[in-house]
Amino acid sequence: MITLTIDNKKVEVEEGATILQAAEKLGIKIPTLCHHKSLMPYGACRVCLVEIVGSRGSWIEASCVYPAQEGMVVKTDTERVLKTRRMMFELLLARSPDAPRIKGMAKEYGVEDTRFTKKNDDCILCGLCVRVCEERMGVGAVSFVNRGSERKIAVPYDKHSPICIACGACDVVCPTNAVDLSEVTLNKPRPIKSDYDMGLAKRASIYIPFPQAIPKIAVIDRDRCMHYLKGVCGSCENFCQAGAINYEQEDELCDVDVGAVVLSPGFEQFDPNLKKELGYDRYPNVLSSLQFERLLSASGPYLGEILRPSDEKHPKKVAWIQCVGSREVDCNYCSSVCCMYATKEAIIAKEHQGDLDCTIFFIDMRAFGKGFDAYYERAKQLGVRYIRCRPSSVKEVAATRDLKITYQQDDGGIATEEFSMVVLSTGLRPPSTVRELADKFGIELNEHGFAQTQGFAPVETTKAGVYVCGPFAGPKDIPETVMEASAGAGKAMALLKEERGTLISHKEYPPEKDVSGQEPRIGVFICHCGRNIGGYADVPSIVEYAKTLPNVVYAEDNLYTCSTDTQEQITRLINEKDLNRVIVASCSPRTHEPLFRNTCREAGLNEYLFEMANIRDQCTWVHMNDPKGATHKARDLVRMAVAKARLLEPLCKGTLKVNNDALVIGGGLAGMTAALNLADQGFKVSLVEKERELGGNFRHIHSLLGGEDPQQQLAAIVERVNSHENIDVYLGAQVSFVDGSVGNFNSTIRQDGKETQVGHGAAIIAAGAREYEPTEYLYGQDSRVITQRRLDEWIAEDKDEVKNAKSVVMIQCVGSREDERPYCSRVCCSQAIKNSIALKEANPQTDVYVLYRDVRAYGFLEEHYRRARELGVRFIRFEKDNKPEIAAGEARLEITCFD
């Protein structure tokens, strides 16, 4: 080791180190434009000059090439050094007056302009590009040519280099952005597209997969890294101070012993490039739905701002085209989610840009989920335009890069309209690796490549102990995915009930600090949440305001306070700043408060010394159009949180014995299924049904689209329930009174005049629903007007009324999607399709008409909808304000409908 003195500070470095490296170890900043950690020192820019003091005087040297020596004394801030650096910056500005990096460094030394004649040559002959090409990439495509004032960097003979691989290393290291690869090679550089941003942004070959990755660790892309591709470069190894780069690291295989498997590989987006006529990948302003999601995201390529990729300007009109990759002959299913995510994207886009014109081209609006129809109606009220047509092509207007769509209007006329952007609502496909996955676990797939499941066991595969959930079993939205995840976990728990709790390991926390009697020392952490908060409120000013509040000893802002690295930072600061109260001002406590409480506990602080201020849901989301007001309100919320935090005291968690029994109210299919799952897990269940027999509405269902016999299935389920040792069934009974609290309830069940007390820790309400009894369309006045449920029973009973019917008309949305019941009942379309197919199969001569507003044959119901049409069922659409009319005649019913 060598010891030297720099600016009166002693430092020890290894033999062979340069003065620049020694200064960096001391944290002394020396400017340089030609130095690169992964390249040999060069000393070309001369701005890293320092003064070396010796026994015979002092002299100037370039610190990046001059070796450190024992006992050496170095000065980096003398007037002589500063004057020389200023002169070098003037010379560099004369050569490259517009280079941002040189201008910025020169300004730090008080040099705003140069006295010398400007040459307007961006290249400063630092040699970085030559050296990185030769030393690291092993190519040597560029080099120095000529001498004196004619000296420059060029390719041999000033012709395109045939050996340049267009890796872009020279462009990366150039301090003045002087590299133009088109002058070096005919090969075109291909930027690495970010998978996370769906190709809308670039990324490096070493990158963090996404902002909130867990763990938040950089990875090397082996398919793009030059070290793995060519055995060259390796620069990152020089830069990594932690020494974490290990090029020899390989994937590890781990053996895990399990008793059950839940497969949830998700889905893949349909490749919109397969629809060449829609312009994807040919026109820059045609995006996929996932790309538009990234545009809307606060962490997206434009930080939540909606900009056109072609020119990064705000679009004026955006069109969505539905069913791209769904409802096709070769993809005969509905992806279930596209209608609603397009509606969501349009609403959020209008929130981001109030004057944006949003148009959705669709076939049927399949808003079948809970609250979906209300959301659809809200979109229309906000100005989202819906056009019932599927455009066949998209054309680009070359001059503006706008996109032209020609479509058919409701009146049959043809219209052409231009849009700034077009979003293709792409459907869901099984993952490309699904066949390999299925073979590994020995499960079967359906004709579309999704996991094969049974209608009455939607999470069970064809192999015992292997379950599925989410879109791997078929296209579905987030709520259904979450429900299936719970169902899959429940099935696994039932299978492994004997082993439950045997592998639990308890997390160890550090000893809790005693803060009793201490003055509050509050730390405040304010989150930008991307643009969710930072895009509307002035976060830095909120931080400065928080610092002025009583007992606040530390305050800072973070991009994502919930990220792993910020959690670690909070833990460290609690100890460094001796904080005994912590406040996080960010999003909803409902989702994130447990996370931050755990962070406090990991730092040795009682978790109840934490307080949270919701400045997203309750502030910036509400006041997005009033940034000043949002900032003011956020300050108020933080002040309130500080006032409360000053009064917080440590609390201790207690334990409460929980009753493991359960109560299920409702003995229909849902109630019985829930009771069986709990009972199979080993829990005692009380099943209460108000009717005298189990089955609920399912007793009236006699056929299903999948071909199963519902009554046979019902009988089997009822038998399992009645014979299960863990289920007590109460028929003709009702719950008359409930007392207690979570984990310990007491309910009174009244049955045949007797009351029974039942203790339970949880309750499941499966009270079901009842069929709407129409007051319209002559129902109850004419016996020929019946409901779909009654028709299903007549078909099962082979009634003469069905066999002799020459024509049958079905009217949809009766009692649904009205002001009194503004929701879709979800089952009506599939009922109509099922019954219409049954009628046509029984008698192909029967005319069957279905009058509808939207055919909501979501998921695999689409194939049955197609089959109904192939059998000759005629579907006729009507509008809500122009409903069908029925008139009763002696021989027949007359129905009038405007198509």
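**Reading contacts, cover and helix pairs**

Trainee: Let me start with His864: setting aside neighbours within four places in sequence, which residues is His864 in contact with?

Mentor: Contact is a matter of heavy atoms within 4.5 Å. Here His864 touches Leu705, Ile833 and Ile837, once neighbours within four places in sequence are set aside. Keep in mind that this is a predicted model, where local features need pLDDT of at least 70, side-chain atom pairs count only at pLDDT 80 or more, and totals for chains, interfaces and linings use all residues. Residues are numbered from 1 along each chain as its sequence is written, and side-chain values use heavy atoms, with hydrogens and water left out.

Trainee: Where is His864 found, and is His864 buried or exposed?

Mentor: Helices (H or I, at least four residues) and strands (E, at least two) are DSSP runs, numbered from the N terminus. His864 belongs to helix H24, residues 861-870. Buried is under 20% relative accessible area, exposed is over 50%, and partly exposed is in between (1.4 Å probe, protein chains only). His864 has a relative accessible area of 19%, so it counts as buried.

Trainee: What about a loop residue, then? Where does Glu607 sit?

Mentor: Glu607 lies in the loop between helix H16 (589-602) and strand S25 (610-614). With a relative accessible area of 17%, Glu607 is buried. Beyond neighbours within four places in sequence, Glu607 is in contact with Arg597, Cys600 and Lys653.

Trainee: With which side chain does the side chain of Glu607 make a polar contact?

Mentor: A polar contact is a pair of N or O atoms within 3.5 Å; within protein, one must be able to donate a hydrogen and the other to accept it, and residues adjacent in sequence count only if both atoms are side-chain atoms. For Glu607, the partner is the side chain of Lys653, at 3.4 Å.

Trainee: Glu312 is in a loop too; which loop is that?

Mentor: The one between helix H8 (289-296) and strand S13 (317-324). Tyr302 is 10 residues away from Glu312 along the chain, and their C-alpha atoms are 8.8 Å apart. Neighbours within four places aside, Glu312 has contacts with Tyr302 and Leu307.

Trainee: How many residues of helix H4 are buried?

Mentor: For helix H4 (residues 128-136), 7 of 9 are buried, making the helix mostly covered. Among them are Leu128, Val130 and Arg136. The cover includes strands S6 (143-145) and S7 (152-154), along with helices H5 (169-173) and H7 (235-239). Just after H4, Gly138 takes a positive phi of about 65°.

Trainee: And what covers the buried residues of H2?

Mentor: The cover there includes strands S3 (49-54), S4 (57-62) and S5 (73-75), and helix H3 (100-108). The buried residues of H2 include Val81, Met88, Phe89 and Leu92.

Trainee: At what angle do the axes of H15 and H16 cross?

Mentor: Axes are lines fitted to C-alpha atoms, for helices over the stretch in contact, and angles run from 0 to 180 degrees between N-to-C directions. The axes of H15 (residues 564-576) and H16 cross at roughly 40° and come within 9 Å. Under 35 degrees is roughly parallel, over 145 roughly antiparallel, 65 to 115 roughly perpendicular, and the rest oblique. H15 and H16 are therefore oblique. Gln567, Ile570, Thr571 and Ile574 of H15 meet Leu595, Phe596, Thr599, Cys600 and Glu602 of H16.

Trainee: How are H8 and H9 set: roughly parallel or roughly antiparallel to each other?

Mentor: Their axes cross at roughly 30° and come within 11 Å, H9 being residues 338-352, so H8 and H9 are roughly parallel. The residues making this contact include Phe292 and Leu296 of H8 and Tyr341 and Ile348 of H9.
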